[in-house]
Amino acid sequence: MTQKNQISTFLLTVCLLLAGCDMIEYHPYDLDIDGETGINEKNIAIIEETGKGRKEFAFAVISDTQRWYDETEDAVEAINRRTDVDFVVHTGDLSDFGAKLEFEKQRDILNRLNVPYVCLLGNHDCLATGKEVFNIIFGEEDFAFTYGNTRFICLNTNALEFDYTDAVPDFTFLSNKLASLTPEVEKTVVAMHAAPYSEQFNNNVAPIFHYIIDQFPKLQFCIHGHGHNITVNDFFDDGTLYYQCPCAKKRAYLYFTINENDYTYEVVYY
């Protein structure tokens with residue numbers, strides 16, 4: 001892919017900036033991860049346990065933290081000052097070049113959150129051996145969890161990065177999750193990195209994607225990143241809104257509250 005072919009010249013420079021002279025010890029595509037792994041699975045266990053029986057809760061969304069480490073640290077500090085956030089969803093692009101040290105640095109910053117968090121796969125996270133690093137540090141690129149009465153479906157929608165050789169979005173995953181819903185699930189939120197009708201999304205299947213996610217119980221809204229700006233779109237003209245979280249450089253995150261009857265949405269600047 002063109003994007004992957006462009007990274008070689010820049011990758012070593014980025015890694016050196018991240019780790020100084022220590023980077024000399026590593027190959028830029030190293031999969032020997034330092035520090036914690038399996039983040040999503042561990043945090044999902046906490047999220048689901050603390051959410052049992054909840055019908056009202058709140059969560060924050062951050063995205064595209066990439067090279068903006070200072071801004072990411074400030075986002076973590078801003079969220080930690082609150083007492084009304086139950087968990088955080090990062091909608092992808094933790095890295096800029098798919099380098100191991102980028103993921104490790106972002107993980108270490110996000111681990112300072114006072115609440116559990118999960119991370120989705122972004123298109124930049126697919127560069128080089130980035131997907132493999134993401135899988136080790138965070139987990140599978142398609143996953144789901146339940147908080148109280150709400151099911152969160154988290155998807156890889158970066159079809160362009162897979163040359164359309166894999167099923168992206170993965171409709172088998174969606175069908176399996178739809179078939180395995182448990183009785184407590186009354187509502188659904190869908191999270192992704194690239195939204196329908198972006199250059200990353202496989203828009204040949206966008207209407208099918210829309211049809212399938214709309215089968216989940218009371219789809220509330222969708223969240224995504226990728227575009228680096230705050231946008232709200234009704235892509236399919238059916239009232240289901242797609243909220244785009246800005247990149248960390250914009251120094252803003254999204255804050256959602258879900259209650260028994262509806263939800264609220266707020267852009268929070270820090």
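Good morning. A contact, in what follows, means heavy atoms within 4.5 Å. The model before us is a predicted one.

I begin with S198. Leaving out residues up to four places away in sequence, S198 touches N203 and H226. Where does S198 lie? S198 is found in the loop between β6 (187–192) and α8 (206–213). Its relative accessibility is 14%, and buried means under 20%, so S198 counts as buried. The side chain of S198 also reaches the backbone oxygen of A195, at 2.8 Å.

In soluble globular proteins, nonpolar side chains tend to be buried together. In this model, the largest nonpolar core has 36 residues, and those with the most contacts inside it are I79, V88, L110, Y117, F138 and Y253. Several elements each supply at least two residues of this core, among them β1 (57–62), α5 (100–110) and β10 (252–258). Which element gives the largest share of this core? That is α4, with five residues.

Let us look at α4 itself. Its buried residues include Y69, T72, V76 and I79. The helix has twelve residues, which at 1.5 Å a residue should span 16 Å; the end C-alpha atoms of α4 are 16 Å apart, so the two values agree.

Thank you for your attention.

Methods
Residues numbered from 1 in each chain as written. Predicted model: local features only at pLDDT ≥ 70, side-chain atom pairs only at ≥ 80, totals over all residues. Heavy atoms only, no water. Core = buried A, V, L, I, M, F, W, Y, C linked by side-chain atoms within 4.5 Å. Buried < 20%, exposed > 50% of the residue type's maximum accessible area, 1.4 Å probe, protein only. Helix = DSSP H or I, 4+ residues; strand = E, 2+ residues; numbered from the N terminus. Polar contact = N/O pair within 3.5 Å; in protein donor to acceptor, adjacent residues only side chain to side chain. Expected span 1.5 Å × (residues − 1).
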